[in-house]
Amino acid sequence: MSALLLALLAIPLAGGLALLVVRPRRGAVAAGLVSASATVGLAVVSAVQRPTARLPLFDGIAAGFAVDELSAVMVVLVAVALLAVLAFAAGEPSLATGRFVGLMLVFAGAMLGTVTATTLPALLAAWEVMGAVSWALIAHHVRDRAAALGATTAFLTTRTADLGLYLAAGAMLAGGASTLALDALPTVAGGWGDLAVAGIVVAALGKSAQLPFSFWLSGAMHGPSPVSALLHSATMVAAGAYLLLRTAPALSATGWAATLVAWVGAGTALLLGLVALAQDDLKQLLAASTSAQIGFMVLAAGVGAVPGGVLQTVAHAATKSLLFLVAGAWLVRIGTRRLDGLRGAARRHPVLGAAFTVGALALAGVPPTGLWVSKDAVLAGALTGGPALYLVGLAAGLASAGYAAKALWFVWRPTPPATEDAAVGRGGSRVQGGVAVALAIAAAAAGLLALGPGVLRPDPPPTGLELLVSGAVAVVGVAVTWRVAGRLPAPALLRSWLWLERVAVAIVVRPTLRLAATLARVDDALHHHIVLGAGRAGMRAAGTVDRRVERGLDRGVDDLAAGARALGRAARRPQTGQLHQYYAQAAVGFGVLAALTVLLIGVS
């Protein structure tokens, strides 16, 4: 295995496990930042050198890892996001623990394994670790029942969808694939190929909180904001979209999967954008916008606009990590996530406010920010498939301008009277401000990556007219929302995330629980009437055998033994040790033999 690739995966994993085991009282943040910095350096070198590795597992099946043109972007993105989030989280004393920092490092290591995996066994291993650690991170505050419930909902929902990867692996083997490499998916024969791709699609949509799985992201917002910044910007939620981008050729080969994925992405971008617009909680707004923005990445995978999807991933990671981190900082200082309670937050914290403003404008797609360029790169690909997808995507862009402007309107309103902020150390405040400014610059300038060579250069590129139209839509959306933000309607359907969780509970959870209860009753009935009945019958039979058979056998054996003892005593009597008695016994014996001989001769 390549030493460089091994180090890239091992350093965050080993560092995180060490912190989880040792749990140092001091120095956890420093150790985490050192590990994250080393990971960034290794990621950059790996992106240049492109190492590969292959570990044999079974006959003809291996765990493969590689840093190629696509994963090179992701390893750098994940490593930088990890470093930024850990540096920002250092300003929150409750998160400066070995457990939190260790979990963040392990999670990032699993994500690096996910994006570099080239075969399903390697992907499954990293995917499973990522899902398990995300549960622990969301439920980091163990006494928070809402966080625990949100973590469990997120884990069970994504875990159910993750079964699609196992289905894909089984279908590939059944279809005669000689390897479980991801790039071999288009070669799987017949219906097995369709089944394998279907498994990939389900797993990816579940992990990326796309319809109909989007609701788990709402509950996950009860976790710490730095967790949201990492999981829901460049890592876990983006992992499903990344998987679809990597397997885009297989989607196209089926004849149906690409169309399905494209429409699911476009529908999620629009509907979850409307959900975000109806929220009165900043983190819930950002969560719904995450599903919506990742919908553009999924749309890109469906229409084959892979460079546009990758560019969207990078721009979204910088933008959304910035917004989540600032939202978390305001939560610590002000003590609320509700938009009404955050009035004036940008005025009272001007550095964070300015950075948040840049991030919100980028989220709205206002020119010349990164998401403006990346969104149009995706829509240019959608337009090649017809105007319908393009128009839905454009409407989703209008919704994104609306929810971004709504958040800005509240945080820039005048400060309520008699409002005091919680004290934050000056050092932590400076670090958080520096990280926020750096991320704001990245969010604003991410679109410049489209000018470079490689996988980030859109193909087909958006035309000047398309850029102008989407930019105008974003500006109009921001302007209109700014005028009506304080009185926007919030239908219950949208506030409750389209009642997706209720639907899931109604059609999946409750039937499953009822089935489990029924099976439990059947099991109890069988247990009592059959298993226990058989046991009782066996005990009665054993008692009968004991009374009527075994005791008779015991008496027979005892009688046989008594007879043997009697014969033994009789046989001992002639054994006196006196020689004349032995002669007499011999004479009697010979006499008896002689008499028998005479009788036999006479008879014959």
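Good morning. The model is predicted, and local features need pLDDT of at least 70, side-chain atom pairs count only at pLDDT 80 or more, and totals for chains, interfaces and linings use all residues. Residues are numbered from 1 along each chain as its sequence is written, and side-chain values use heavy atoms, with hydrogens and water left out.

Two terms come up throughout. Helices (H or I, at least four residues) and strands (E, at least two) are DSSP runs, numbered from the N terminus. Buried means under 20% relative accessible area, exposed means over 50%, and partly exposed lies in between, with a 1.4 Å probe and protein chains only.

I begin with the aromatic rings. How many aromatic pairs does a search of the whole structure find? The search finds 2. Rings of Phe, Tyr and Trp (its six-membered ring) pair if their centres lie within 6.5 Å; planes under 30 degrees apart count as stacked, over 60 as edge-to-face and the rest as tilted. The pair of Trp-330 and Phe-356 is tilted, because the ring centres are 5.0 Å apart and the planes stand at 50°. This pair links distant parts of the chain, with Trp-330 in helix α14 (residues 306–334) and Phe-356 in helix α16 (residues 350–364), 26 residues apart. Trp-330 is buried, at a relative accessible area of 0%, and Phe-356 is buried as well, at 1%. For Trp-409 and Phe-410, the centres are 4.9 Å apart and the planes are at 85°, so that pair is edge-to-face. Trp-409 and Phe-410 are both buried.

Let me turn to the salt bridges. A salt bridge is a side-chain nitrogen of Lys or Arg within 4 Å of a carboxyl oxygen of Asp or Glu. The structure holds 6 of them, and I shall describe some. In one, Glu-128 meets Arg-159, with the closest N and O atoms 3.0 Å apart. Glu-128 belongs to helix α5 (residues 120–138) and Arg-159 to helix α6 (residues 145–174), so the pair ties together parts that are 31 residues apart in sequence. Arg-159 is partly exposed, with a relative accessibility of 25%.

Loops take part too. Arg-338 forms a salt bridge with Asp-280, and the closest N and O atoms are 3.0 Å apart. Here Arg-338 sits in the loop between α14 and α15 (345–348), and Asp-280 in the loop between α12 (257–277) and α13 (282–303), 58 residues apart. Arg-338 is partly exposed at 41% relative accessible area, and Asp-280 is partly exposed at 34%. The side chains of Asp-281 and Arg-337 also meet in a salt bridge, at 3.1 Å from N to O. Asp-281 is in the loop between α12 and α13 and Arg-337 in the loop between α14 and α15, so this pair joins parts that are 56 residues apart in sequence. Are Asp-281 and Arg-337 buried or exposed? Both are buried.

Next, a covered helix. In helix α10 (residues 236–246), 11 of its 11 residues are buried, including Tyr-242 and Arg-246.

Patches are made of residues with over 30% relative accessible area and no salt bridge: like charges are joined within 9 Å, and nonpolar side chains (Val, Leu, Ile, Met, Phe, Trp, Tyr) within 5 Å. Leu-493, Trp-499, Val-503, Ile-507, Val-508, Val-509 and Leu-513 form a nonpolar patch with about 610 Å² of accessible area together. Which helix gives the most to the nonpolar patch? That is α22, with 5 residues. Val-508 lies in this helix, α22, and is partly exposed, at 44% relative accessibility. A patch of negative charge gathers Glu-550, Asp-554, Asp-558 and Asp-559. Asp-558 is in helix α22 (residues 500–572) and is partly exposed, at 48%.

I close with the backbone. Most residues other than glycine have a negative phi, and most peptide bonds are trans. The peptide bond from Leu-211 to Pro-212 is cis, with omega near 5°, and Pro-212 is in the loop between α7 (190–207) and α8 (216–220). The bond from Asp-459 to Pro-460 is cis, with omega near 5°. Arg-50, which is not a glycine, has a positive phi of about 55°; this residue is in the loop between α2 (28–49) and β1 (52–58). Leu-498 has a positive phi near 60° and is buried, at 18% relative accessibility.

Technical notes
Areas by Shrake-Rupley, 256 points an atom, 1.4 Å probe, with all protein chains shown as cover. Lys, Arg positive; Asp, Glu negative; His and termini not counted. Charge placed at Lys NZ, Arg CZ, Asp CG, Glu CD.
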